[in-house]
Amino acid sequence: CDNLYVDWVIISIRSVLANNKNIKFHIIADINYSNVKKIFQLQNETGADIDIHAVSTYLYDRYKIDKKYKRLLKKDSIKPLYEIVKEGNLDEHPFVSNSLYYFVYWEYLFKELDTVLYLDCDTIIDGSLDELFALDLKDKDFAMRKNFTKDFVTYNNKKYTSYNGAIMLGNLKSACEIIPKIYEHTLSNLDWAKFGLQESSNIFLNGRVRELDKKWNICVKREKGTKGIIYHYMSWSKKPYILDDLYKKYERSSYR
């Protein structure tokens, strides 16, 4: 996350902690120290196991990250991937380097782990994640739910199943080989990849994704009233007065 998203990250983590044990959190962060202290406060209050991976030259040197990714360290080094106004919500800030951090760094930070669960910061986890972590990926590398708004992305006149990457279970040992390809494809197709990695990912993950049940990624805006475990608020979290009672329950437990 960056500085704009720290408060939502903290609320999401609190919802995980309220319903789960033995979860380790990794936050890949490009944030100032005042926001780092917010995460430390959360850690002190809850005893949560949290590692902050600060995006810096030190991170690159420590993990011997490929030099080509140093482009991500430069301020505004990447053309905005999209600048749209969400209906009835705040303007989205232009996506620059931040939208590429989480996926690229998986290959280096977590490659020794068997399974990693990626959660967007605008999620509320209202139940146990044990069943999801125990999911058999079979011969696949990732598990995601199909996209809410479109069935396919089209690239070079070929259709690819569209998945929503906000909640993503991954077997990294077998998936890391494709991460550099997704990175390069995104940067080479910025005008096409309106939503960044999610667009390019669907091309390279073609045939490598097990579809998740919707209970693991409920789109609150489009599926109001649907019961599940993980609720995805998308842009709703940027406009607090339209949030529902579930989100507010966990928001009140925070200090936002």
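Guide: Two residues are in contact here when heavy atoms lie within 4.5 Å of each other. Keep in mind as well that this is a predicted model.

Visitor: Which residues does histidine 53 touch, leaving out those up to four places away in sequence?

Guide: They are His26, Ile27, Ile28, Ala29, Leu59, Tyr63, Leu109 and Phe110. Histidine 53 itself sits in strand S2, residues 49-54.

Visitor: Is histidine 53 buried or exposed?

Guide: The limit for buried is under 20% relative accessible area. Histidine 53 has 9% relative accessibility, so it counts as buried. Its side chain also makes a polar contact of 3.0 Å with the side chain of histidine 26.

Visitor: Let's step back to the whole chain. How many helices and strands does the protein have?

Guide: The protein has nine helices and 11 strands. Of its 256 residues, 50% are buried. The accessible surface is about 12,900 Å², and carbon and sulfur atoms hold 47% of that.

Visitor: Among contacts with a separation of 6 or more, what share joins residues 24 or more positions apart?

Guide: That share is 70%.

Visitor: How should I read a sheet?

Guide: Strands of a sheet pair through backbone hydrogen bonds, in a parallel or an antiparallel sense.

Visitor: In what sense do S4 and S11 pair?

Guide: S4 pairs with S11, residues 230-232, in the antiparallel sense over three bridges. You can look for threonine 123, which stands opposite histidine 232 of S11.

Visitor: What about cysteines? How many disulfides are there?

Guide: The general idea is that a disulfide covalently bonds the sulfur atoms of two cysteines. The cut-off for counting one is sulfur atoms within 2.5 Å. By this rule the model has zero disulfides. Take cysteine 1: its nearest cysteine sulfur belongs to cysteine 121 and is 7.1 Å away. Cysteine 1 is partly exposed, with a relative accessible area of 24%. Cysteine 219, in turn, is buried at 0%.

Visitor: Which residues have the most contacts inside the largest nonpolar core?

Guide: A nonpolar core gathers buried residues of the nonpolar kinds, joined through side-chain atoms within 4.5 Å. The largest one here has 41 residues, and those with the most contacts inside it are Leu129, Leu132, Ile230 and Tyr233. Elements that each supply at least two of its residues include helix H1 (6-19), strand S1 (24-29), S4, S11 and helix H9 (245-252). H1 gives the most, with seven residues.

Visitor: And what does leucine 129 contact, apart from neighbours within four places in sequence?

Guide: Leucine 129 is in contact with Val16, Asn20, Leu117, Trp216 and Ile230. There is also a second, separate core of 32 residues; among them are Tyr101, Met168, Leu172 and Val209.

Visitor: Why is helix H8 described as largely enclosed by the rest of the structure?

Guide: Six of the eight residues of H8 (residues 197-204) are buried, so the rest of the structure largely encloses this helix. Those buried residues are Leu197, Glu199, Ser200, Ser201, Asn202 and Ile203.

Visitor: Where is asparagine 156 placed?

Guide: Asparagine 156 is in the loop between strand S6 (152-155) and strand S7 (158-161). Asparagine 156 has a positive phi of about 50° and is not a glycine. With 64% relative accessibility, asparagine 156 counts as exposed.

Key:
Residues are numbered from 1 along each chain as its sequence is written. This is a predicted model: local features need pLDDT of at least 70, side-chain atom pairs count only at pLDDT 80 or more; totals for chains, interfaces and linings use all residues. Side-chain values use heavy atoms; hydrogens and water are left out. Two strands pair if DSSP finds at least two bridges between them. Helices (H or I, at least four residues) and strands (E, at least two) are DSSP runs, numbered from the N terminus. Buried means under 20% relative accessible area, exposed over 50%, partly exposed in between (1.4 Å probe, protein chains only). Accessible areas come from the Shrake-Rupley method with a 1.4 Å probe; for residues, only the protein chains shown count as cover. A polar contact is a pair of N or O atoms within 3.5 Å; within protein, one must be able to donate a hydrogen and the other to accept it, and residues adjacent in sequence count only if both atoms are side-chain atoms.
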